[in-house]
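Work through these exercises with the model open. Each task is followed by a stepwise solution.

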Amino acid sequence: MQQTEAVHVPYGRGTVEIKVPKENLMGVFAPPGGPAAPDPEAEVADAIANPIGCSPLAERLKPGMSVCILVSDITRPVPYQYILPPLLAYLNRGGISDQDITLLVATGLHRPNTDEEQRQRYGADIVKRVRVVNHCFNDYDHLVSLGVTSFGTPIEVNRLAVESDILISTGYIEPHQQLGFTGGRKSLLPGIASERAVMHNHSADMMDHERSVNGLLEGNPQHEDSMEFAQTVGVDYIVNVILNQEGKLYRAVAGDLKEAYLAGVALSRAIREVVFPELCDVAITASGYPLDQVVYQGPKISSSIYRIPRPIIREGGTVIIPMEATEGIGFHTEFFDLMSCCGNNPEALIAKMYAEPSKDQWGAQIWARMLQHLRMVIVTRNMSASQVEAMGMSHFTSLQAAVDDALARYGAKCRLAVFPEAPSVLLRLAED
């Protein structure tokens with residue numbers, strides 16, 4: 001009798017159990033992580049008071065100054081309950097009143113946060129104290145132009161950030177499928193940039209650059225362009241956190257846009273890197289809430305096994321992506337329209353992206369490149385088979401059924417790996 005092992009895979013706010021034959025299961029590969037800070041708020045307060053690469057912000061604060069704080073939107077699990085209270089207290093002690101503080105939501109090209117989402121994300125008491133404004137990427141009356149980066153990206157940015165006396169960027173640092181790592185400069189580009197700026201930074205040729213992948217900063221044109229953009233705008237201070245394997249606050253860094261950020265990247269890399277033993281045939285890439293609520297985030301969830309210096313999955317392998325997808329296509333209709341426009345022909349889709357750039361094409365480009373080499377499966381009950389298949393992927397409503405199907409395809413020697421926190425793992429092959 002074949003022995004199986006039960007594995008729990010994130011799905012929405014819960015998990016789904018699957019059973020995999022022990023001889024086929026390579027393992028469950030999650031970031032090693034680190035211990036949660038015993039007092040998260042104190043960890044953030046200490047980082048703010050002891051900056052990296054610059055003098056304390058308090059030395060620059062004067063009563064009456066306007067302060068703009070860039071905050072991530074609802075799609076990012078940044079623990080603002082630990083970041084904003086000590087940051088606002090620090091500003092208040094420096095003579096900055098609440099009425100002079102604005103939280104600018106760095107939505108990038110995402111939809112705006114609702115009022116309820118703002119209360120959930122930043123705290124009901126915080127949104128009563130200070131002004132909260134959603135960035136709008138195509139409202140050019142509220143954008144200002146500061147020139148062009150050396151990469152040709154227009155430096156078009158939210159006017160609030162430029163006109164404030166002090167600009168503070170907040171966020172979290174983990175591996176990212178295009179810019180190497182999240183955090184730091186990413187709050188500005190794409191966070192509060194114009195649609196034109198984001199489109200240029202995320203253009204097809206920038207996306208196809210061999211170093212625009214997870215975990216790489218040096219020589220990564222998207223990272224370097226974003227950093228140049230942010231430095232031109234002028235960031236006075238960053239406050240970034242690193243989350244551990246349980247999504248809890250591990251460490252915080254604050255200070256100079258570049259120096260503090262690189263220190264945070266080193267901390268993130270140390271608790272995210274996983275050495276993978278050998279190539280797999282089947283990879284289950286999951287994330288759970290909030291990323292798996294809309295199909296647009298699927299490329300971020302699935303790309304960590306492929307969009308790296310060397311993929312860890314065999315040519316012709318299968319990637320299974322469990323997504324609750326309560327929003328389905330959601331706000332990002334252009335992403336779905338692009339994925340489904342070329343009759344499941346990834347080569348034609350790539351050619352279209354180069355010839356006719358469109359919003360949300362970078363995620364489609366990631367999936368199109370993967371579809372050139374891999375079989376892709378989405379497991380969800382909230383999208384129809386016709387919607388998923390229109391994107392060139394297979395559809396299952398049961399994760400177990402998708403696993404059983406994949407195991408049957410590759411036979412007795414099939415090697416299956418599970419990545420329950422796929423977006424935040426940094427993979428490299430043992431032989432490398």
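**Exercise 1.** Classify Lys19: buried, partly exposed or exposed?

*Solution.* The model is predicted. Start with the value: Lys19 has 46% relative accessibility. Next, apply the cut-offs: buried is under 20%, exposed is over 50%, and partly exposed lies in between. Lys19 therefore counts as partly exposed.

**Exercise 2.** Place Lys19 in the fold and list its contacts beyond four places in sequence.

*Solution.* First, the element: Lys19 sits in strand 2, residues 14–21. Then the contacts: Lys19 touches Thr4, Glu5, Ala6 and Gln400, with residues up to four places away left out. Finally, a distance: the C-alpha atoms of Lys19 and Pro277 are 22 Å apart, with a sequence separation of 258 residues.

**Exercise 3.** Which strands stand at the edges of the open sheet of 6 strands?

*Solution.* Write down the order: 3-19-15-16-17-18, paired in parallel. Look for strands with a single partner: these are strand 3 (25–28) and strand 18 (394–396). Each stands at an edge, so one side of each has no neighbour in the sheet.

**Exercise 4.** Describe the pairing of strand 3 with strand 19.

*Solution.* Strand 19 covers residues 416–419. The two strands pair in the parallel sense over 3 bridges.

**Exercise 5.** Which strands does helix 15 lie across?

*Solution.* Helix 15 spans residues 399–410. Helix 15 lies across strands 15, 16, 17, 18 and 19. Its angle to strand 16 is about 170°. Now take helix 13 (residues 361–371): this helix lies across strands 16 and 17, at about 125° to strand 17.

Terms used. Residues are numbered from 1 along each chain as its sequence is written. This is a predicted model: local features need pLDDT of at least 70, side-chain atom pairs count only at pLDDT 80 or more; totals for chains, interfaces and linings use all residues. Side-chain values use heavy atoms; hydrogens and water are left out. Buried means under 20% relative accessible area, exposed over 50%, partly exposed in between (1.4 Å probe, protein chains only). Contact means heavy atoms within 4.5 Å. Two strands pair if DSSP finds at least two bridges between them. Axes are lines fitted to C-alpha atoms, for helices over the stretch in contact, and angles run from 0 to 180 degrees between N-to-C directions.
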